[in-house]
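Here is a walk through one protein model, taken in short steps. Keep the sequence and the 3D view side by side as you read.

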Amino acid sequence: MNSKIFTFSLLFCLQFFFSQEKINISVHNSQNNGIPGAIVTLSDNENNILFYKETDANGKIDFHNKEGKNLNISVSKLGYEKHVEKNLKAEQKISILLSEKTNQINEIIIKNTKYKDTVAVKTDHPSITEKSSLRDALNKAEGFIVTKEGGISYNGVPITKILVNKREVFVNQNKIALDNINMEAIEKIQMVNNYRDGFKVDFDNFTASVLNINTKSNYKGILKKSLQGLYGAKNAYLIKGSAMYFSDNINAFFTTNTNNVGEKDINTDKLDGIFSLSGNILGESINQYYISDNLVKKDENSNNNLILRKQWKYSRLNFSAEYNYLNWEKSTLQRSYYAENKEPIRDLDNSTTNQGNYLNSKIMYDIKLSEKSILSIENSIINNHMKNFLSGDLTTNSVLYRDEARIIPNTFAINNKISYGGLISDKILVSGSTSYFYEKSSSNFSSYLNTGIRNNQSLRQFNHVFDFDANINYKHSNLLTFYLFSEVKSVDNALFSDDKKYQREYTVSDIYPGIRGKDKKWEYSLAVGQRNFSFRNQSDKNNTDLMISGNMTFRLSGGANLILDIDKSNRVEDLVKGVDTLYTSLATVNTGNIDSQYNISKNFKIKLGYYLSNIARSKSFNIDYSFVESRNIIQPVFTNFDGITTYYRNIIIDHVYKNNFNVSWRKGYYFSAENRKVDFTTKFSYNRSDFPINNTSDKYNSNTYTISLQTSLNLKSRIFNDISIAYHKNIQDININRNNVNSFTVNSFFLDVKSVIGKFENLLSASYSYSPAEGINYNTPNLDLLSSYKYSDKISFFLRGKALFDLLSSNNKTKDLNVYSDGNIITETINPYRMKYLMAGVEYKF
């Protein structure tokens, strides 16, 4: 009897207790009908978001207010006025009436436009703290795809500008902003889909999508500086500093990062522009600065970036510069064998050391000649000096050879450009530009084989490009603007290989009629034209080709975009590919193809994608397919092996087909009274490449499948804030005439645990990868650590570790395996080293 009384008493107390916590919220219209799908946001008086969810089918939702706080409530629904109440006393039942919008009122039309054109990026994820970077915040936000190199897209639309307080600061410099701006400086993040640059002329309906960061008030008009230093085991070190100043008229951002742990603060977006005009010597050496590679033996580098933007009433000055130094060493084991019968060719135990310094600067001055016309002056400069040292033990037929080589590439390039754009009337727009590009590059190669064989080669390359283009637009309506684009480019290429000279002069002329348009639903452009190649003193090599450029974005309801891109382009190959004999690496020789001087390679690409994100329902879904057809492209293919040296020949491949398919899905579910959340993410990709081997009837085909499964738990507990578990599987098959000659599979497991306990913040990342590859011990565990303690507003302490299992072990097992084939031979590249360190240090904010 006593037990029954106790049980009933306990149930009564629990019911009474939870009834005090549980709040019933109902949202209805003027007819007293419940409104489903209304977004309800509850926050406390300190603006901490406590609750964010949609109403159910009856327009109702429950919330457990354990602490009994007064609440601020915000309710919104498309087609209804937003309802906001502040300092609302905690009650058991809250009834909200939403009034329907009346589009006849001008003020409401303006608000409705802002709702569609500016989207607030949700940053209240439990794992996002003040030390989290902009990259961390966007990775947790629905609809964003952020690449390691700094690419950003939202619902499939690429983002190339990041504004600060609605002023342009980062233009084609996404990576610098992603990795160097933390949430402690950010008040809110917005996707602005109707941005218009005040110093660019276009019709009113043509706008761009940009990311805008509104900083906190203590970051406006105040110079903020910080310095971080870490030191650790095996002399690992990192010195990192930053300074930023944001205001209405002046914006400045400076970062410096010097370390020997492979961390790079360098902007890969700059690989466009002036780099597209340069030759192979610069192109092949410059990548070493930008590639972030953890599979190295040593990596000392210093990255320094400066961005300065000053704006006056009628003019604007933009200046950016980066200086980079590198000194890294990488060791690999390359195993080569014939694809047809798997007979071994050679093993090369290779070590490469790259040392260099590189300067890249760009300055642009925009002047408003009038309210409807802009003149822009632009200058870009590149200066690169590098030394590459190669050494290797070459084993073939059980005989060991020692080969050493040195490659010294240098480049100086400059590009000057003047552009004009102006509106003649509300319906006519004209624009044009003229530019001059000059490049001087050199590359000196020398090698010595222990059999007494020496090889030396000197290359000097000069490129001159004069360019002029003009464009006229006529606007018929928002969805129909006609335009005519024309361009003439004069090119003079010269290459000296020791005592032999290769020279080519030609003119490229384009003419494109096209149409474009944009409104709230549609945005498109399509141009179809003709490109003419005219070679001086070689009229029989002249060529004409059809050019197509088009893209279309259709904004569907529910936050989805349907995007189509089509591009058909062509280009002349670099003169280096025509050199008779080119020494490229250890015991490797390329034989050139003289026909490549006048070869026109052609490329056709089409991509169709569907991109959906819904913040309120915590879901996103992306699917895209692309097809690429390349014709008359020059590729080095294996020809023979003489027992020591491997020979390749540059041949013109008739065609290469590439297919790529990607699909990803993410969905979040809230559970428990504390609104804990679980996220599920699934990704699948398929890549296929096909081409004829040596332009014969033999067909090469490679297939790559990637499957990723991830589950994230946002526990909001005192110990664990965020736990993520993932599985990744990569499968690669190489086939010749539909017969499999190589299969390669890698399985990887990942575990990330993040905790925030008071002033302590910790992130532990563990992974395990293995491959059943024959004859290779690919069984790799990994453990990374990042911990911080905020001692005060100015001082924080850090502990950082990478590849801690490797740091404690001297066993250089396989850390990565890559398989490549040109259809004739298969090369396996094995990496036995990985960057590893454990460092402790301090950060001081001035």
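**From the surface to the core and back**

Start with leucine 227, which is partly exposed at a relative accessible area of 43%. The model shown here is predicted. Leucine 227 sits in strand β16, which covers residues 224-232.

Now go inside. The largest nonpolar core has 32 residues. Within this core, Phe275 and Tyr289 have the most contacts. Several elements give two or more residues to the core: α5 (280-290), β20 (315-338), β22 (373-396), β27 (500-518), β28 (522-535) and β45 (837-845). The most comes from α5, which gives four residues. Take a closer look at tyrosine 289. Leaving aside residues up to four places away in sequence, tyrosine 289 touches Lys264, Ile266, Asn324, Leu326, Gly356, Asn357, Tyr358, Asn384, His385 and Met386.

Strand β25 (residues 454-477) pairs with strand β26 (residues 480-497). The pairing is antiparallel and runs over 18 bridges. A hairpin of two residues joins β25 to β26. Across this pair, histidine 464 stands opposite aspartate 492 in β26. The pattern then continues with β26 and β27, which pair in the antiparallel sense over 17 bridges. Here asparagine 493 has arginine 504, in β27, as its bridge partner. The hairpin of β26 and β27 has two residues between the strands. In that hairpin, aspartate 498 takes a positive phi near 55 degrees. In a regular strand, side chains alternate between the two faces of the sheet.

Positive phi turns up elsewhere too. Most residues other than glycine have a negative phi. Asparagine 165 is not a glycine, yet its phi is positive, near 55 degrees. Asparagine 165 lies in the loop between β12 (161-164) and β13 (167-171). With a relative accessible area of 18%, asparagine 165 is buried. Asparagine 172 also has a positive phi, of about 55 degrees. Its place is the loop between β13 and α4 (174-180). Asparagine 172 counts as partly exposed, at 36% relative accessibility.

Turn to the charged side chains. How many salt bridges does a search of the whole structure find? The search finds 37. One of them joins glutamate 263 to arginine 800, with the closest N and O atoms 2.6 Å apart. This pair links distant parts of the chain, 537 residues apart. Glutamate 263 lies in the loop between β18 (250-259) and α5, and arginine 800 in strand β42 (residues 795-802). Are the two partners buried or exposed? Glutamate 263 is buried, with a relative accessible area of 17%. Arginine 800 counts as buried too, at 14% relative accessibility.

A further salt bridge joins arginine 536 and glutamate 505, whose closest N and O atoms are 2.9 Å apart. Arginine 536 lies in the loop between β28 and β29 (543-556) and glutamate 505 in strand β27, so the pair ties together parts that are 31 residues apart in sequence. Arginine 536 is partly exposed, at 36% relative accessibility. Glutamate 505 is partly exposed, at 30%.

Arginine 834 and aspartate 806 also meet in a salt bridge, at 2.9 Å from N to O. Arginine 834 is in the loop between β44 (825-831) and β45, while aspartate 806 is in helix α6 (residues 804-807), so the pair ties together parts 28 residues apart in sequence. Arginine 834 counts as buried at 16% relative accessibility. Aspartate 806 counts as buried at 11%. Salt bridges also link Lys161, Glu168, Asp197, Arg316 and Asp366 in a network.

End back at the outside. Serine 697 counts as exposed, at 64% relative accessibility. Its place is in the loop between β36 (676-692) and β37 (699-714). Serine 697 and asparagine 737 are 40 residues apart along the chain. Their C-alpha atoms are separated by 8.8 Å.

Definitions and conventions. Residues are numbered from 1 along each chain as its sequence is written. This is a predicted model: local features need pLDDT of at least 70, side-chain atom pairs count only at pLDDT 80 or more; totals for chains, interfaces and linings use all residues. Side-chain values use heavy atoms; hydrogens and water are left out. Buried means under 20% relative accessible area, exposed over 50%, partly exposed in between (1.4 Å probe, protein chains only). A nonpolar core is a set of buried Ala, Val, Leu, Ile, Met, Phe, Trp, Tyr and Cys residues joined through side-chain atoms within 4.5 Å. Contact means heavy atoms within 4.5 Å. Two strands pair if DSSP finds at least two bridges between them. A salt bridge is a side-chain nitrogen of Lys or Arg within 4 Å of a carboxyl oxygen of Asp or Glu.
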